[in-house]
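Please look over the sequence and the structure below before reading the briefing that follows, which is grouped by topic.

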Amino acid sequence: MAGRVQANLAGASNAIAINTASDTTLPAGCRGVYVGGSGNLKVDFVGGATGITYTGIGGEISMQISKIYSAANGTTATGILALY
């Protein structure tokens, strides 16, 4: 199925604002992310995949990630929140 899929993360009970000035290692339990300003989002997954870049991303995305890369290392999206 092509196109953007929006996750229903309404049940998130907490969020952490991500500052893309540096790479951010996330506490365990991340349920997804919210991206307020579209762009690229480079992440590592808890399952082991590293350096995965989503392009043109925006909105809420359900994913279990352990790291969000900095702007210098590939993330161009803004207004990022890690959802818990």
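A residue is called buried when its relative accessible area is under 20%, exposed when that area is over 50%, and partly exposed in between, with a 1.4 Å probe and protein chains only. The model is predicted, so that local features need pLDDT of at least 70 and side-chain atom pairs count only at pLDDT 80 or more, whereas totals for chains, interfaces and linings use all residues. Residues are numbered from 1 along each chain as its sequence is written, and side-chain values use heavy atoms, with hydrogens and water left out.

**Strand pairing around S3**

- Strands are DSSP runs of E with at least two residues, and helices are runs of H or I with at least four residues, numbered from the N terminus; two strands pair if DSSP finds at least two bridges between them.
- Strand S3 (residues 32–45) runs antiparallel to strand S4 (residues 52–62), to which 8 bridges join it, and within this pairing Lys42 has Thr53 of S4 as its bridge partner.
- The hairpin of S3 and S4 has 6 residues between the strands, and in this hairpin Gly48 takes a positive phi near 120°.
- S3 also pairs with S6 in the antiparallel sense, over 5 bridges, with Tyr34 standing opposite Leu81 of S6.
- A further antiparallel pairing joins S3 to S5 through 3 bridges, and here Phe45 stands opposite Ile65 of S5.

**Thr75 and its surroundings**

- Thr75 is found in the loop between strand S5 (65–68) and strand S6 (78–83), and it counts as buried because its relative accessibility is 1%.
- A polar atom of the Thr75 side chain lies 3.1 Å from the backbone nitrogen of Lys42, a polar contact being a pair of N or O atoms within 3.5 Å in which, within protein, one must be able to donate a hydrogen and the other to accept it, while residues adjacent in sequence count only if both atoms are side-chain atoms.
- With neighbours within four places in sequence left aside, Thr75 is in contact (heavy atoms within 4.5 Å) with residues including Asn40, Leu41, Lys42 and Tyr69.

**Aromatic rings**

- The structure holds 1 aromatic pair, formed by Phe45 and Tyr54, which is tilted, at 6.4 Å centre to centre and 50° between the planes.
- Rings of Phe, Tyr and Trp (its six-membered ring) pair if their centres lie within 6.5 Å, and planes under 30 degrees apart count as stacked, over 60 as edge-to-face and the rest as tilted.
- Phe45 is partly exposed because its relative accessible area is 22%, and Tyr54 likewise counts as partly exposed, at 29% relative accessibility.
- Lys42 lies over the face of Tyr69, at 4.8 Å from the ring centre, where a charge sits over a ring if NZ of Lys or CZ of Arg is within 6 Å of the ring centre and within 35 degrees of the ring normal.
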